[in-house]
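Here is a model to read through by question and answer. Each reply works towards a value or a name.

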Number of protein chains: 2
Amino acid sequence: MRADARENRARVLTVARELFAERGLDVPMAAIARRAGVGIATLYRRFPTKESLVREAFTEQFALCQAVIDEALTDPDPWRGFCTVIEKVCLLQASDRGFTAAFVAGFPDLHSEVRERTWHGFTALAQRAKDTGQLRADFSPHDLTLVLMANGGLSGVPVEMATAASKRLCAYLLESFRAGTDELPPPVPLSLDQVLR
Amino acid sequence: MRADARENRARVLTVARELFAERGLDVPMAAIARRAGVGIATLYRRFPTKESLVREAFTEQFALCQAVIDEALTDPDPWRGFCTVIEKVCLLQASDRGFTAAFVAGFPDLHSEVRERTWHGFTALAQRAKDTGQLRADFSPHDLTLVLMANGGLSGVPVEMATAASKRLCAYLLESFRAGTDELPPPVPLSLDQVLR
DNA sequence: TGGTAAGTGGAGACCCCCGTCCGTTTGGCC
DNA sequence: GGCCAAACGGACGGGGGTCTCCACTTACCA
């Protein structure tokens, strides 16, 4: 690949990440191209479809999620690890307006690679936190999806507000997750497959 | 208004409510017209703009919200009233995919009539529940908006799943709202004005 | 320094949606 | 039954989105 082409590609990706973060996934491709200082055709040469651009732009974020879970698994205190995961992932999601949409839009392809591992890791973490009696016994791993979806509902307001709201929501939820006693409705099997219709 | 016209209008409204509920607000006007068995022009004669159709279709739901709060205010147990409000409104929202969008889209006009009253009623209810010591002191009325936004994030999955998820989310949140002790991040002034950008 | 393949940009094809125009049909009163 | 305003429906204009085609430009190597 030629040098100028490589640089253009990188700039497009950067701009795409910025715009997706601040305005969501429905920014027109033309807007991305304009702000990156390239023509539309250039953009489409590097990313044959909008979906491919989205996926590429967010793989970094997904990897970050993975890293958060991996790191939490090394925490000697499972409950602290659990809280960290919820808080960090939610904050990641709240500070990037396109994140949730990219998550559900880009996931079908990242099937085996990230998804399985993330899910497995989180399930293990939750189990450990239950074993130490800090996480309530009726917590379901599906509740992670519940939290993610709920937290995703906070997008749409300006970012600072969304992150502040996310913090408060997480605090509320984590307080409930901590070994509570009251009866709860049954967990909803909100696996990602079902979220994707 | 002629008899057939009146009937057509009613059918359009019914169909619109159905479609908005199951597919969200972005169903094309043509789809509504087709399913109602009328031409597009007929639809536009009764509802000059899509927004007017949306508003008309959802006034019923908004009135229901108002009724829920009014009724809760008569409950001798403020905490029970508080819980009922949250649960019912969330369920209303979860069972209708267009509800949230209609809420933010149609509200600017319903300014004084419904909004002020709803907000005032809920604030009063929350204060009473605090006074009896059942609702945590650091609960903010803005947390209602937080709950609504979070709950709105659950839309997008099939309705039965969304309602089940909503129940579980509400149960978690209400458990936290009940006189807790842990420190919480400050409330976010998520008034509806700000949600509307 | 010149040739060439890789790179580029903008016009436009295609599609979907909102809202309008106008010729045709129909309900309901005399 | 006949008249006419009210009601109707489909074709169409306008706008905005994704993606393609093609004539032009430019980096890079011999």
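A nonpolar core is a set of buried Ala, Val, Leu, Ile, Met, Phe, Trp, Tyr and Cys residues joined through side-chain atoms within 4.5 Å. Buried means under 20% relative accessible area, exposed over 50%, and partly exposed in between, with a 1.4 Å probe and protein chains only. This is a predicted model: local features need pLDDT of at least 70, side-chain atom pairs count only at pLDDT 80 or more, and totals for chains, interfaces and linings use all residues. Residues are numbered from 1 along each chain as its sequence is written, chains are lettered from A and ligands numbered from 1 in the order written, and side-chain values use heavy atoms, leaving out hydrogens and water.

Q: Which residues touch the most other members of the largest nonpolar core?
A: The core holds 126 residues. Those that touch the most other members are A:Ile32, A:Phe82, A:Phe177, B:Ile32, B:Phe82 and B:Phe177.

Q: Leaving aside neighbours within four places in sequence, which residues is A:Ile32 in contact with?
A: Contact means heavy atoms within 4.5 Å. With neighbours within four places in sequence set aside, the partners of A:Ile32 are A:Val12, A:Val15, A:Ala16, A:Leu19, A:Phe20, A:Val27, A:Leu43 and A:Leu53.

Q: Which residues of helix 1 of chain A are buried?
A: Helices are DSSP runs (H or I, at least four residues), numbered from the N terminus. The buried residues of helix 1 of chain A pack against helix 2, helix 3 and helix 4 (50-73) of chain A. They are A:Ala5, A:Val12, A:Leu13, A:Val15, A:Ala16, A:Leu19, A:Phe20 and A:Ala21.

Q: How many Å apart are the end C-alpha atoms of helix 1 of chain B?
A: The expected span is 1.5 Å times one less than the number of residues. Helix 1 (residues 3-23) of chain B has 21 residues, so it should span 30 Å. The end C-alpha atoms agree, at 30 Å.

Q: What area do domain 1 and domain 2 of chain A bury between them?
A: The domain assignment, automatic or from a database, gives domain 1 (1-48) and domain 2 (57-195) of chain A. Eight residues of each are in contact with the other. Buried area is the accessible area (1.4 Å probe) that two parts lose on being put together, summed over both. Here, with 63% on carbon and sulfur atoms, the value is about 680 Å².

Q: What rotation superposes chain A on chain B?
A: Copies are superposed by least squares on C-alpha atoms of residues with pLDDT of at least 70 in both. The RMSD is 0.1 Å, the shift along the axis is 0.0 Å, and the rotation is 179°. The copies are thus related as by a two-fold rotation axis.

Q: What area is buried between chain A and chain B?
A: The contact takes 39 residues from chain A and 40 residues from chain B. Of the interface residues of chain A, 100% are also interface residues in chain B, so the copies meet through the same surface. Carbon and sulfur atoms give 66% of the buried area, which is about 3300 Å².

Q: Is B:Arg168 buried or exposed?
A: B:Arg168 lies in helix 9 (residues 159-177) of chain B. Because its relative accessibility is 1%, B:Arg168 counts as buried.

Terms used: Helix = DSSP H or I, 4+ residues; strand = E, 2+ residues; numbered from the N terminus.
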